[in-house]
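Here is a short report on one structure.

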Amino acid sequence: MIEAIVEAIRLAVTKIPEDTFSAIRKAYAGEEDETARFNLGNIIKAIDLGFADRVPVCQDTGTVTFFVEAGVGSPFLGKLRDLLIEATRRATEEIPLRPNAVDVLTGRNSGDNTGEGIPIIHWEPVPGDRIRIAVLPKGGGSENCSALAMLTPAGGWEGVKRFVVEHVRACGGKPCPPVILGIGVGGGADYALLLAKKALLRKVGERNPDGRIAKIEEELLTEVNSTGIGPMGMGGKTTALDVKIEVAHRHPASFPVGLVVQCWANRRAFIEIKPDGDVRVWN
Ligand code: SF4
């Protein structure tokens, strides 16, 4: 099982999912600006090389983050935390991953991508006996552009759009555009950001099933792309490949908006563990 988890991490960091890659190729075909085409061309080369040589598509292999849907009847539940931590250690050595876990007081790097609270594991107990895990290795440059806004309810969704577009504009090229924006609206401060990060697990091009939210996703995508920030922040039509919004009910006095920015290296993979130990890995 540890090998399967290592394989999922390897898949995530070396093979950009087809939905994202095809959106990048489409952006390349649609850009007229020479610099934008040059930058997208380099991104396409990095993705091709990562896939062909099974090497990470970017030197920053991110913070390993797991979202676990934990079937409460699974016989592997009790061991899973240790398995995920051990798999992260092995992945760091074998793939290899860049060691990205640093002590907040001493600055000392643990050397194996594990440490206090790292890898990040989000748990959600669900009925049944299967475990489904999403692996999201999250790059630091794009994570640094994540933000939380506690907006006033009177501002409504226009306020959400204004916050997102202004923030993306302020970040410019820092998150390595073209980006994918994960947005969580509602819940509380913590939950809005969690929803925003989980939103990144949806495929590029996959809209929120609620048509009203889907419409806002499309409007925001158009607005963000009209900023002209472009690939790697050097100008062009493609600042974002997609915008994903997830929502929760909110307190009447609060309008929390979490924004998690994902770079072009939109890495993700999934693992399913059946109760008989059969494991499937894909992205
Ligand atoms: S933001 Fe993404 S593409 Fe840029 S250096 Fe970090 S991981 Fe790599």
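The report takes the basis of the model, then the cavity, then the strand.

## Basis

This is a predicted model: local features need pLDDT of at least 70, side-chain atom pairs count only at pLDDT 80 or more, and totals for chains, interfaces and linings use all residues. Residues are numbered from 1 along each chain as its sequence is written, and side-chain values use heavy atoms, without hydrogens and water.

## Cavity

A search of the whole structure finds one cavity of 30 Å³ or more. A cavity is a set of points on a 1 Å grid over the protein atoms alone where a 1.4 Å probe fits but cannot get out. The volume of the largest cavity is about 60 Å³, taken as the space filled by probe spheres set on the points.

Lining residues have an atom within 4 Å of a point. Among them are Cys145, Val168, Pro175, Leu181 and Ile229. Helix H6 (156-171) and strand E5 (179-187) each supply at least two lining residues; helices (H or I, at least four residues) and strands (E, at least two) are DSSP runs, numbered from the N terminus. The lining has nine nonpolar residues, two polar and no charged. Here Cys and Pro count as nonpolar, and Gly as polar.

## Strand E8

E8 pairs with strand E3 (residues 131-138) in the antiparallel sense over five bridges; pairing takes at least two DSSP bridges. Ile271 is the bridge partner of Ile133. E8 also pairs with strand E9 (residues 279-282), antiparallel, over four bridges. There Ile273 stands opposite Val279. E8 and E9 form a hairpin with five residues between them, and Gly277 in the turn has a positive phi of about 95°.

Notes: On a 1 Å grid over the protein atoms alone, a cavity is a set of points where a 1.4 Å probe fits but cannot get out, and a pocket is an open set with protein on both sides within 12 Å along at least five of seven lines; lining residues have an atom within 4 Å of a point.
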